Each structure stands twice: as structure tokens, then as C-alpha cells.
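Me: I would like to go through this model with you, one question at a time, beginning with the surroundings of a single helix and ending with the fold as a whole.

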Amino acid sequence: MPFGPNKKLILLILGSGEKKYIEDLKSLSDKLKSEKKRVIFHKSVSNDKLKYYYSIADLGVWYQASISIIEAMATGLPIIATNNRGHRELIDDGINGFLVPDNDPTYFAKKIEDIISSKAIQKNFRMNSLNVINKYSEE
């Protein structure tokens, strides 16, 4: 794992999502053994509470296009998303987030490390995401 055992990373998975997808994630989590305590599955939360979760996060990850990515961007949360049409309309790769192929976990892990290890990237992504959301709200 590129983050090493000394990093204090916690993966919080919010919502129920597709049942099979969540089951697969839980199965992968079970295989982590000592790292399992760093993976938390949380039930869906109400929309009014999502801002709180976004505000305490260092980054957000989206596999499928969802309105929640826009809500997260509106809080300035740095984003990593799979490279699909819906995400490409919101994320300018390297400007306000990272777009990653859905079949390259090494590249995906590197992008997580890039965001977590650089306050400058975090700041730029936050500001640029807010600019994108402001542009859409003015239209």
C-alpha cells in the first residue's frame, strides 16, 4: 500500500449503493485484516448532513456519476472520479480533481497520495471546484 502503515488514513463509505458493489467492498475490507479498522461503512445520511461529512473529508471518490459529486464540489472537497462522460463535464483533470481509469488501481492510489500529500493541490482543487460550481449556478 503506497501510504504505509504509519499514515492515519480512514476510508469512510457512505450510503448503501448497489448491493453487490457494497458486498464486494466489504469482502475486500475483510481481507485487509489489520487495516480493516480503517474502513468504515456508514448507512445513508440525510442530505442536510452530507455537508458535515464532506467538510471533514480530505477527498471524495466517485465511481459513478451522481448529483452528490456536485454537492461535494460545492463544499470545496477535492475529487477523484472515474473517467466517464458525466465526470468529464465537471472535473478538469489536474485542475479541480483527478480523473482515473476504472481499471488501474495503482494509478488511482497514486492520485490519492498526490492529494493527501500536497496542501497546494488540495487548495487548488478546492478553489477550482468552487469556481466550477459558481459558473454553473450563474447559468
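This is a predicted model: local features need pLDDT of at least 70, side-chain atom pairs count only at pLDDT 80 or more; totals for chains, interfaces and linings use all residues.

Me: How are the buried residues of helix 2 placed around the axis, and how many degrees does their arc cover?
Reply: The residues in question are Leu50, Tyr53 and Tyr54. They lie on the same side of helix 2, because the arc that they cover around the axis is only 100 degrees.

Me: Which residues are exposed on the other side of helix 2?
Reply: Leu50, Tyr53 and Tyr54 are the buried residues of this helix, and exposed means a relative accessible area over 50%. On the other side of helix 2, the residues that are exposed are Asp48, Lys51, Tyr52 and Ser55.

Me: Why can the buried residues of helix 3 be said to line one face of the helix?
Reply: Helix 3 has as its buried residues Ser68, Ile69, Ala72 and Met73. Seen down the axis of helix 3, they line one face because they fall within an arc of 145 degrees.

Me: Which residue with a positive phi follows helix 3, and near what angle is that phi?
Reply: Helix 3 covers residues 67-74. The residue that follows this helix with a positive phi is Gly76, and its phi is near 85 degrees.

Me: Is Lys111 buried or exposed?
Reply: Lys111 belongs to helix 5, which runs over residues 105-116. Leaving aside residues up to four places away in sequence, Lys111 touches Ile80, Phe98 and Val100. Its relative accessible area is 11%, and because the cut-off for burial is under 20%, Lys111 counts as buried.

Me: What pattern does the protein follow along the sequence?
Reply: The protein contains six helices and five strands. Read along the sequence, these elements follow the pattern β-α-β-α-β-α-β-α-β-α-α.

Me: What is the radius of gyration of the protein, and what would a compact globule have?
Reply: The C-alpha trace spans about 50 × 30 × 25 Å along its principal axes, and buried residues make up 32% of the 139 residues. A compact globule with 139 residues would have a radius of gyration near 14 Å, which agrees with the value for the protein, 15 Å.

Me: How far apart do the centres of the positive and negative side chains lie?
Reply: The protein has 21 positive and 17 negative side chains. The centres of these two sets are separated by 7 Å.

Technical notes
Residues are numbered from 1 along each chain as its sequence is written. Side-chain values use heavy atoms; hydrogens and water are left out. Helices (H or I, at least four residues) and strands (E, at least two) are DSSP runs, numbered from the N terminus. Buried means under 20% relative accessible area, exposed over 50%, partly exposed in between (1.4 Å probe, protein chains only). Contact means heavy atoms within 4.5 Å. The radius of gyration is taken over C-alpha atoms; the globule rule is 2.2 Å times the number of residues to the power 0.38. Lys and Arg count as positive and Asp and Glu as negative; His and the chain ends are not counted. The place of a charge is taken as NZ of Lys, CZ of Arg, CG of Asp or CD of Glu. The arc is that of the directions from the helix axis to the C-beta atoms.
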